[in-house]
Amino acid sequence: MEPSAQPELQHAIDLLWAKFRPEMEERIAVLEMAAADFAADRLSQSQHEAANTAAHKLAGVLGTFGLTRGTVLARELEIMYSRENGPDPAVAAQLASIAAELRKLVQNRG
Amino acid sequence: MSHRILIIDDEDDIREVAALSLETVAGWDVAVANSGAQGLIRAAEFLPEAILLDVMMPGMDGPSTFRELRKNPATAAIPVLLLTAKVQSSDQRRFADLGVKAVLVKPFDPMTLSTQIADVLGWS
């Protein structure tokens, strides 16, 4: 890469982040809601699938915007939600705490 | 040297960052499609030298799109690189067995994506 292309690319990526940040936050909201409803024993099948999809999409994109830790956390959630019958009840608190950490990471990215 | 590449991905964020990366870093000529069906049309029109194809898409997914590309003589020989957020080795093997040129894992680094692709395709 031409040295001059790096700041130009980083600036353009930052602009794309600003554009897509609301979408990231919507995906996190899906995860927060799913965690709350799972803890209250009322997670529906469609919510379960939506949470799995949201986690998968976040895992695939956050690292591209420099949030490597976000990808790691989203992958953990994807694994938890990928169980056919829903997450293990033992991880209920983790579902919420990981979603909260994702929210913070995205907010701090600016 | 400028190359022609088509990106097929339903996720706007991934598609736009990948296109930006390949255009800015490598100076390639990039076309995009947001579904497998649109990708088949775009591939036949644009005739890229390679296709970056997302695995998980609603409707026609990546593997189905790949098989359709292979059925059309105009696109049958275009090398396809699958792009997936699935990291399990069993998934990776299953995708590689389809006959694609490579399986690239999301998230990718926008600074080095073009190098990764160029290495696979011998464009370096």
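Student: In what order do the elements of chain A run from the N terminus?
Tutor: From the N terminus on, chain A reads α-α-α-α. The model is predicted, so local features need pLDDT of at least 70 and side-chain atom pairs pLDDT 80 or more, whereas totals for chains, interfaces and linings use all residues. Residues are numbered from 1 along each chain as its sequence is written, with chains lettered from A and ligands numbered from 1 in the order in which they are written.

Student: What box do the C-alpha atoms of chain A fill?
Tutor: Along the principal axes, the box is roughly 55 × 20 × 20 Å.

Student: And how much of chain A is buried?
Tutor: Of its 110 residues, 36% are buried, meaning that 20 or more other C-beta atoms, placed from the backbone, lie within 10 Å of the residue's own.

Student: Which residues have the most contacts inside the largest nonpolar core?
Tutor: They are Leu31(A), Ala55(A), Leu58(A), Leu77(A), Leu102(A) and Ile51(B), in a core of 59 residues. Such a core joins buried Ala, Val, Leu, Ile, Met, Phe, Trp, Tyr and Cys residues through C-beta atoms within 7 Å. Helix α1 (residues 5-39) of chain A gives the largest share of this core, eight residues.

Student: What does Ile51(B) touch?
Tutor: Leaving aside residues up to four places away in sequence, Ile51(B) touches Leu6(B), Ile8(B), Ala43(B), Ile78(B) and Val80(B). Contact requires C-beta atoms, placed from the backbone, within 7 Å.

Student: Turning to the sheet, in what order do the five strands of chain B lie?
Tutor: The order is β2-β1-β3-β4-β5, in an open sheet with parallel pairing; a pair needs at least two DSSP bridges.

Student: Why is one side of β2 and of β5 left without a neighbour in the sheet?
Tutor: In chain B, β2 (29-33) and β5 (102-105) stand at the edges and each has a single partner strand, so one side of each lacks a neighbour in the sheet.

Student: How many bridges join β3 to β4 in chain B?
Tutor: Four bridges link β3 (residues 50-54) to β4 (residues 80-84), and these two strands of chain B run parallel. Leu53(B) has Leu82(B) as its bridge partner in β4(B).

Student: Which strands does helix α1 of chain B touch?
Tutor: Helix α1 (residues 12-26) of chain B packs on the sheet and touches β1 (4-8), β2 and β3 of chain B.

Student: Finally, how many residues does each chain bring to the contact between chains A and B?
Tutor: Chain A brings 19 residues and chain B brings 15 residues.

Note on methods. Contact = placed C-beta atoms within 7 Å. Buried ≥ 20, exposed ≤ 12 C-beta atoms within 10 Å, placed from the backbone. Axes fitted to C-alpha atoms, helices over the stretch in contact; angles between N-to-C directions.
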